[in-house]
Amino acid sequence: MICESGPNRRAVLGAGLGLAAAMSGCVGRGDLRIERLDFSDLNGWADADLAPALPVFAATSSIARANPHLGVETAHWASIAAEGSPRAVFEDQFAPVLVSEGSDAHFTGYYEPELRGSRTRSDRYSTPLYRRPADLSDAPYLTRSDIAAGALDGKGLEFLWIDDAVEAFFLEIQGSGRVRLDDGSVVRVGFAGKNNHPYRAIGRLLVERGEMTVAEASADGIRRWLRAQPDGGAALMNENPSYVFFTERSDLAPDQGPVGAMGAPVTAGLSIAVDPAYHPLGAPIWVEADAPGFEARLMVAQDVGGAIKGPQRGDLFTGSGDEAGALAGSLRAFGRMVTLVPKAAAEGLALS
């Protein structure tokens, strides 16, 4: 439903939605509700430090995407001047818009892991990272089980060897990472393609089978289970038929984050992965999360994720390495995410 702005418009999202909408002049669009807000409606906005988000937004503003749900065209981004006072940039040129299906936002975290590896195979380094196969298309390709059984052997696609099959599996979930070699150098790797089989969450399988509780099914909990029983762990990982191929990213500086879905590096604490069906990539996103450090801040939609589906689903990039991984693994938060839409597009959402 599309609703006009106003200080009490958030009540439309609560109980009695249908009656409130009918009385407020909102129109329906299935279960999707698009509500234009005021900046005064954003919890914590008035006191927020917006300066860190401005250069992150500016880095991808020229390649920001369109979005039909919000009436955003690529031309709208060209009219945005990303220079000057951060508060003036965002308040003068954008309007906050809430895209929702009536439920709270669900936030998780993701990070860039660092693994140990080698360019040559050995007893220690025996788990391969594969380049994208030349015959990979949009059709379903070999499954994870096929690949684990050797279906790609002899094709010369291995470009790094990892010392931990469990960490290589989790690298696929993150989509990018750093591989530290024995000489101390670091190789950056990024997503190069997938085998087009559906992703199946092994943590959910463990819970369904009574192997662990929902609370225990964290990334670290799943790692411990996989390592405690190598044969059973390998079989469980193969129950996820999805497989990710990688490429070496020699174009990234050591202090840059991994490359996101926009083809540009993401920034720790400031980049968020969203569902691009509902939020334009490149848009500023106001995040209100019940998680320490993320309670109220402006981030930028610069990435996507296979499990990031729906208008109130966000994945927060926490950085690189073990500390960032611990933060990402523990991040399970609820709240609200509000998209800042160029005013020229937002005006088309207001009802007469």
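**Salt bridges and their accessibility**

Modeller: In this predicted model, the side chains of Glu239 and Arg200 form a salt bridge, with N and O 3.7 Å apart. The pair joins distant parts of the chain, since Glu239 is in the loop between helix 9 (230-238) and strand 10 and Arg200 is in the loop between strand 9 (186-194) and helix 7 (202-208), 39 residues apart.

Biologist: Why is the pair of Glu239 and Arg200 called a salt bridge?

Modeller: The N to O distance is 3.7 Å, and the definition asks for a side-chain nitrogen of Lys or Arg within 4 Å of a carboxyl oxygen of Asp or Glu, so the label applies.

Biologist: What makes Glu239 partly exposed?

Modeller: Its relative accessible area is 27%; buried means under 20% and exposed over 50%, so Glu239 falls in between. Arg200, at 40%, is likewise partly exposed.

Biologist: How do you know that Arg119 and Glu248 meet in a salt bridge?

Modeller: Their N to O distance is 3.0 Å, which is within 4 Å, and therefore the pair meets the definition. Arg119 lies in the loop between strand 5 (114-118) and strand 6 (127-130), and Glu248 in strand 10 (residues 244-248), so the pair ties together parts that are 129 residues apart in sequence.

Notes
Residues numbered from 1 in each chain as written. Predicted model: local features only at pLDDT ≥ 70, side-chain atom pairs only at ≥ 80, totals over all residues. Heavy atoms only, no water. Helix = DSSP H or I, 4+ residues; strand = E, 2+ residues; numbered from the N terminus. Buried < 20%, exposed > 50% of the residue type's maximum accessible area, 1.4 Å probe, protein only.
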